[in-house]
Amino acid sequence: MDVSQSLSGPEWMVEKAQKCLRTDLFASKSLLITARSLYPRNFRIQFEAYRIEKSARKTAEGAAILLDMFQHFFDEPVLQDELQALIVALQSESQDPSIVILRDMFDSFPPKAKYDILQKTSVCEVLPLVIANKQIEVPIKFYAKWLQKSMAYYLSYITQPPRKHEQLATTPVLTSPTHNASSPMKSPCYSRPGFDGPPKEGASDSWEKMHELIIKIAEKCGWNLHVIPKMTGSVSSRFQHLSECHRQQPSDAPAVSKSIFYSTVLLFLKTAFTYASTVDSEAFASTNIGHSTSLLLLEDLNAKLKSKKHKHKKLRLDENDIPLDSDSSDDPGLSSIPANLKVNKSYGITPELIENFETGIDCWKLLYANEYFEKDLNWLLHRWKADTWQWLTSFQTDMMIFKGDFAQALRMLQEKHKQMSSMPLAEVAKDKLKILLQMAACHFRLSQFSSACEMTLDAVSLMPSSETSVSKAVQPEKPSHTSKYTRMLLLLPVTGRELLPYCIHLLLQCYKKKSFHHHSTKDDKALGHMIVLMQYNWPKEESLFSDAIKKIRKQGTFIYSLFFKFIINIDILEEFAFLATEEAGQIEIDLLPPAQRQKVVTRGVVKGGKEDFRIALENQVKRCEENVEFLLKQFLVCERDTLLEHLM
């Protein structure tokens with residue numbers, strides 16, 4: 001069967017029209033006229049019809065289709081390239097046929113259409129000329145409006161993820177002959193990645209052009225130029241300058257407030273995007289960050305608060321008592337404590353990245369500390385449809401985690417997770433993994449341990465098996481400015497190698513709360529799950545294991561049927577071998593699976609089970625060299641329901 005016959009309606013008609021074009025132009029046009037009538041909102045059909053009319057130099061027909069696409073498909077990257085080629089053609093005196101046809105089509109547009117196209121595609125080119133020309137009189141109110149449109153245009157260029165565009169730009173049927181034009185480039189969008197044209201204007205140039213535009217409009221409108229920081233120097237020093245001006249000068253004066261507002265908005269967008277595109281490097285492949293794996297911001301669950309109680313007020317513990325709730329990793333007070341990010345240059349987590357993140361947050365705070373700024377910013381973000389900018393919502397989520405606003409961060413993450421529920425898992429697995437883990441950390445900080453574990457176990461199920469069967473993750477470098485009252489945050493690569501240890505640690509902390517809580521009831525399974533998880537970070541968990549043994553001794557019994565399936569650590573095996581002896585005391589332990597159990601007696605291990613227990617231990621010692629990470633992932637996946645059941 002012909003390949004084209006397996007295609008759906010619109011695709012088949014385009015393929016057929018392309019084949020007919022080689023031998024019968026009128027048959028090709030007839031097919032596309034029919035296709036346009038049947039599928040008026042299919043961009044590929046519309047663009048192919050336009051391409052044929054332009055190739056045939058049918059000015060009126062081509063202009064009509066181009067105008068229709070401009071009105072209904074403006075956001076299509078390939079169409080934007082075509083419109084940029086048209087703008088360049090208008091500035092060129094070349095008589096090349098591919099340039100002339102574009103000029104002729106533009107001349108055939110109605111005046112209103114010409115205005116709309118120029119406004120949407122070249123305001124960034126015309127505006128500097130208007131500002132520089134002293135003979136042109138324009139009402140002041142229009143300059144702010146034009147500045148906003150220019151910023152939106154540059155932001156669209158800078159933040160466009162390259163991969164999607166490259167894929168579209170290399171589609172043969174959407175390739176325009178005007179892409180080989182040699183006209184000088186003035187608009188950044190004209191040379192997007194994948195475009196075969198003049199040298200690309202860098203994103204850094206676009207940030208500088210926005211800064212220059214603010215200065216020029218400030219001069220034209222009489223705004224305070226001293227307030228606008230220079231582009232040189234660090235981003236934090238630029239913010240300090242803006243913050244100082246905001247404190248010292250009356251910000252309600254338009255000359256001051258407009259300069260501070262637009263400068264702060266620009267700095268916020270630049271730092272927020274720099275951070276977001278770095279941590280989500282796979283979505284922004286053109287960003288030069290030194291590594292190719294996305295990063296995920298998570299709470300360091302080891303954070304502790306120093307007790308405020310005086311030593312003489314603490315109760316004396318009996319030698320067999322367990323220091324319950326010995327950590328404060330879920331203390332609500334942590335949310336009000338300043339947070340710090342850990343530097344790890346091997347992951348690309350540099351001081352510069354952290355500086356951009358923290359400066360972006362400072363800019364956000366400044367903008368929302370002023371009611372006029374807040375109103376104008378919300379209006380701008382609404383006008384720009386910023387709620388569709390994935391990089392901005394990701395930054396905002398991380399900002400809420402940084403600020404300790406876990407409830408708000410959780411609401412944002414839940415909304416993202418809901419949006420992904422209808423999408424194919426293969427397309428969103430990695431993003432879903434990231435969202436689940438951030439949700440788990442927020443639930444943990446809110447003391448919602450069952451939900452934290454559920455999200456964590458769901459995240460583990462999304463980790464590729466091949467990524468976890470490797471050596472332990474590299475430990476992050478310790479920050480130089482630590483404090484006993486500091487929350488620490490981690491930026492971890494989104495790989496099983498780095499995230500599985502975090503998942504295990506989070507689950508262990510939840511079970512620690514469950515098993516060692518002051519009012520907890522006897523729950524051997526929860527305690528047994530803890531002991532299984534302790535194996536990963538051995539011997540660092542020896543102290544916690546000692547607490548678990550104290551608890552077993554105190555309660556006098558311990559039953560855990562998964563012991564011989566998932567516990568292979570030699571130190572733990574030796575300790576339980578000792579507990580089974582008379583020397584250890586009168587402790588009843590039952591670790592054999594149900595199929596091997598014998599009748600239980602009142603003291604010691606089960607009747608007739610001592611020999612079975614000894615043999616099982618000897619066999620278990622032979623498994624000590626097994627891969628612990630692989631074993632624990634199997635435990636988390638296979639025993640998911642049991643793990644959740646004992647946290648309810």
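How close do the axes of helix 16 and helix 18 come, and at what angle do they cross? The legends below start with that pair. This is a predicted model, in which local features need pLDDT of at least 70, side-chain atom pairs count only at pLDDT 80 or more, and totals for chains, interfaces and linings use all residues. Residues are numbered from 1 along each chain as its sequence is written, and side-chain values use heavy atoms, with hydrogens and water left out.

**View 1. Helix 16 meets helix 18.** The axes of helix 16 (residues 390-403) and helix 18 (residues 425-445) come within 11 Å and cross at roughly 20°. Here, axes are lines fitted to C-alpha atoms, for helices over the stretch in contact, and angles run from 0 to 180 degrees between N-to-C directions. Helices (H or I, at least four residues) and strands (E, at least two) are DSSP runs, numbered from the N terminus. Helix 16 and helix 18 are therefore roughly parallel to each other (angles under 35 degrees count as such).

**View 2. The residues between helix 16 and helix 18.** Look for Gln 390, Thr 397, Asp 398 and Ile 401 on helix 16, which make the contact with Asp 431, Gln 438 and Cys 442 of helix 18. Contact means heavy atoms within 4.5 Å. Two of the contact residues are nonpolar, three polar and two charged; Ala, Val, Leu, Ile, Met, Phe, Trp, Tyr, Cys and Pro count as nonpolar, Asp, Glu, Lys and Arg as charged, and the others, Gly among them, as polar.

View 3. Two strands pair if DSSP finds at least two bridges between them. Strand 2 and strand 3 (residues 487-493) pair in the parallel sense over three bridges, and Asn 340 stands opposite Met 488 in strand 3.

**View 4. Strand 1 under cover.** Five of the five residues of strand 1 are buried, meaning under 20% relative accessible area with a 1.4 Å probe, protein chains only. Leu 295, Leu 297 and Glu 299 point one way from strand 1, while Leu 296 and Leu 298 point the other way. In a regular strand the side chains alternate between the two faces of the sheet.

Notes: Parallel < 35°, antiparallel > 145°, perpendicular 65-115°, else oblique. Buried < 20%, exposed > 50% of the residue type's maximum accessible area, 1.4 Å probe, protein only.
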